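Welcome! Take a moment to look over the sequence and the 3D view, and then we can walk through them together.

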Amino acid sequence: MSDDPTIERDEDFAAAEYVLGVLSAKDRRAAEQRLARDPAFANEVAFWEERLAGVAAGVTPAPAPERAWTRIEAALARGAQRQASRGVWDSLAFWRGFALAASALAAACLAGLIYVGSAVSPSPLLARLDAEGGKAGFVAAVNTGDGSLTVVPAALLAPAAQQAFELWLIPPGDKPHSLGLIDPARPVTIRVPKDLLKQVAREAVLAVSVEPPGGSPTGAPTGPVIANGKLASL
Amino acid sequence: MDAEARRRELAAAIARVAGGDRAALKLVYDATSAKLFGILIRILSDRSEAEDVLQDVYLTVWQKADAFDAARASPMTWLIAIARNRAIDRLRSSAARRAEPIEAAGEVADPGASAVDWLQSEQERGRLELCLAELEAHQSAAIRAAFIDGLTYETLAARAGVPLGTMKSWIRRALIKLRACLTR
C-alpha cells in the first residue's frame with residue numbers, strides 16, 4: 001500500500017483515523033468497541049480529539065433556527081415524564097419477563113397487583129391476548145373498581161411504519177367497540193369509557209387490530225386482528 | 001470576560017447539566033449551538049439533517065454530561081467530538097446519499113480567515129496551525145478536508161483524483177508528522 005516503512009499496520013492509525021473521520025462505518029464500530037475496553041487506545045483518541053479540534057475553527061458558525069431549541073426542550077419534557085412515571089408498571093422488561101415465562105401466571109400476577117394496588121377493587125378481570133401461533137401477544141387486566149384497563153405487550157410486535165395498534169372490546173353478541181390505541185413497546189393504561197364499563201365483563205373479548213395512524217377511520221376494525229383473548233375473573 | 005474564563009464557565013455549566021439542571025443546558029446551547037450547527041451542516045451538507053443531529057447532540061449532552069471530565073478535555077473539544085461523531089455516523093449510514101459537499105475541499109484550507117474563537121484554546125490552535133503549516137500543502141489540505149467534511153479515504157481519494165493507497169499514505173504520513181510536531 002505504501003513505500004513508507006514507517007507506515008506499517010492499520011491499527012497503529014486507528015485512533016487518529018477515527019478522530020479524523022476517514023473510517024468506514026464498520027471500522028468506526030470496531031474503533032468504538034476498542035475505545036470501551038482499551039485505555040491506551042482511549043488516551044490516543046483523546047489526544048487527537050484535543051489536538052485536532054482546532055481544525056474546526058475554520059468552519060463558519062451557523063445560528064440554529066429557534067425551533068431547534070424548542071424541539072430539544074420538548075424531547076427533554078417527554079423524557080422527564082417518562083422518568084417520573086417509571087415504576088414497575090412501566091418496566092417493559094419486568095412485564096415481558098414474567099409474561100413470557102408463564103402467561104397464566106403473568107395474568108394472575110398482573111391482576112394481583114391491580115388487586116393489591118386498589119384494595120377496594122372488586123374482582124379484577126384479566127385476559128391473555130394470543131397472537132398467531134398461540135403465543136401471548138398482550139396481557140390485559142381491568143380494575144373494575146376504577147374502570148382502568150392496563151395492556152402490556154408480551155411479545156415483540158411492531159406495527160409497520162404508518163400503522164397503529166388499536167384495542168377493541170367485543171361484548172358477547174355485540175360489535176367491537178374501540179378502547180383506543182395501544183403502544184406495542186410499553187404498558188398502556190386506558191380509562192374505559194363509562195358507557196362501556198358494564199360490558200367489560202367476563203366472556204367479553206379484547207382484540208388488537210392493525211389500523212392506520214390515529215386509529216380506525218370508520219369506528220370498526222379495518223385491518224387484520226393480530227391478537228385476541230377473553231376476559232376472565234381471577 | 002476572557003477566553004479562559006468563558007471556557008471555565010462552559011465547563012461549570014456542563015457540570016450543572018450533569019446534575020439535571022435544564023437552565024444550564026440552555027446556557028451550553030446558547031454558547032455553542034451556532035458553532036456545532038456550522039460543523040454539522042458542513043459534514044451533512046443538509047440543514048434539516050443537521051438540525052436533527054443537533055437535537056441528538058444536545059440530548060446526548062443532557063444524558064452524558066456526567067461523562068465529561070474537565071481535567072481531561074476542554075468543553076468545546078468534548079462537544080465537537082460528540083457532534084462530529086453523530087454527524088459522521090449519520091453520513092455513513094446514508095450511504096446511498098452521496099451529495100457533494102457545499103464547497104470543494106480546497107476551499108477549506110483557510111485557517112487565517114476564521115474569527116478569534118474563544119471556545120478553543122488560542123495557544124493550542126496556534127500550535128496546530130504551526131504543525132499543519134509544516135506539512136506539505138496536499139497533506140494539510142487532506143487533513144482539513146477529512147476532519148471538516150468527515151469524508152472516508154475513498155471519497156477523499158476520488159475527490160483529489162489520486163489512488164486510495166496514495167491518499168492513505170498522504171494522511172498517515174501527515175499524522176506521523178503532526179504527532180511528532182504536536183508533542184514537541
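## A salt bridge between the chains

A salt bridge is a side-chain nitrogen of Lys or Arg within 4 Å of a carboxyl oxygen of Asp or Glu. Keep in mind that this is a predicted model. In it, B:Asp52 forms a salt bridge with A:Arg71, and their closest N and O atoms are 2.9 Å apart. How many salt bridges are there between chain B and chain A? The count is seven.

Polar contacts link the two chains as well: 20 residue pairs are in polar contact between chain B and chain A, with both residues at pLDDT 80 or more.

## Where chain B touches chain A

On the side of chain B that touches chain A, at least two residues come from each of these helices of chain B: H2 (22–44), H3 (47–64), H4 (75–93), H5 (122–134), H6 (137–149), H7 (153–160) and H8. The largest share, twelve residues, is supplied by H2(B). By type, the residues on this side of chain B are 28 nonpolar, 13 polar and 19 charged.

In total, 60 residues of chain B are in contact with 54 residues of chain A. The two chains bury about 5000 Å² between them, and 61% of that area lies on carbon and sulfur atoms. Of the area that chain B buries against chain A, B:Glu51, B:Phe147 and B:Arg172 supply 14%, more than any other three residues.

## Chain B by itself

Chain B has eight helices and zero strands. Buried residues make up 50% of its 184 residues. Among the contacts in chain B with a separation of 6 or more, 67% join residues 24 or more positions apart.

## A look at helix H8

Helix H8 of chain B covers residues 164–182. Does the distance between its ends agree or disagree with the expected span? At 1.5 Å a residue, its 19 residues should span 27 Å, and the end C-alpha atoms are 26 Å apart, which agrees.

Several residues of H8(B) are buried, among them B:Met167, B:Ile171, B:Ala174, B:Leu175, B:Leu178 and B:Leu182. An α-helix has 3.6 residues a turn, so residues three or four places apart point the same way. B:Arg172 is also buried in H8(B), and this residue belongs to the trio named above for the area that chain B buries against chain A.

## Chain A by itself

Chain A has seven helices and nine strands. Of its 234 residues, 43% count as buried. For contacts in chain A with a separation of 6 or more, residues 24 or more positions apart account for 55%.

Key. Residues numbered from 1 in each chain as written. Chains lettered and ligands numbered in written order. Predicted model: local features only at pLDDT ≥ 70, side-chain atom pairs only at ≥ 80, totals over all residues. Heavy atoms only, no water. Helix = DSSP H or I, 4+ residues; strand = E, 2+ residues; numbered from the N terminus. Expected span 1.5 Å × (residues − 1). Buried < 20%, exposed > 50% of the residue type's maximum accessible area, 1.4 Å probe, protein only. Contact = heavy atoms within 4.5 Å. Buried area = accessible area lost by both parts, 1.4 Å probe. Polar contact = N/O pair within 3.5 Å; in protein donor to acceptor, adjacent residues only side chain to side chain. Nonpolar A, V, L, I, M, F, W, Y, C, P; charged D, E, K, R; others polar.
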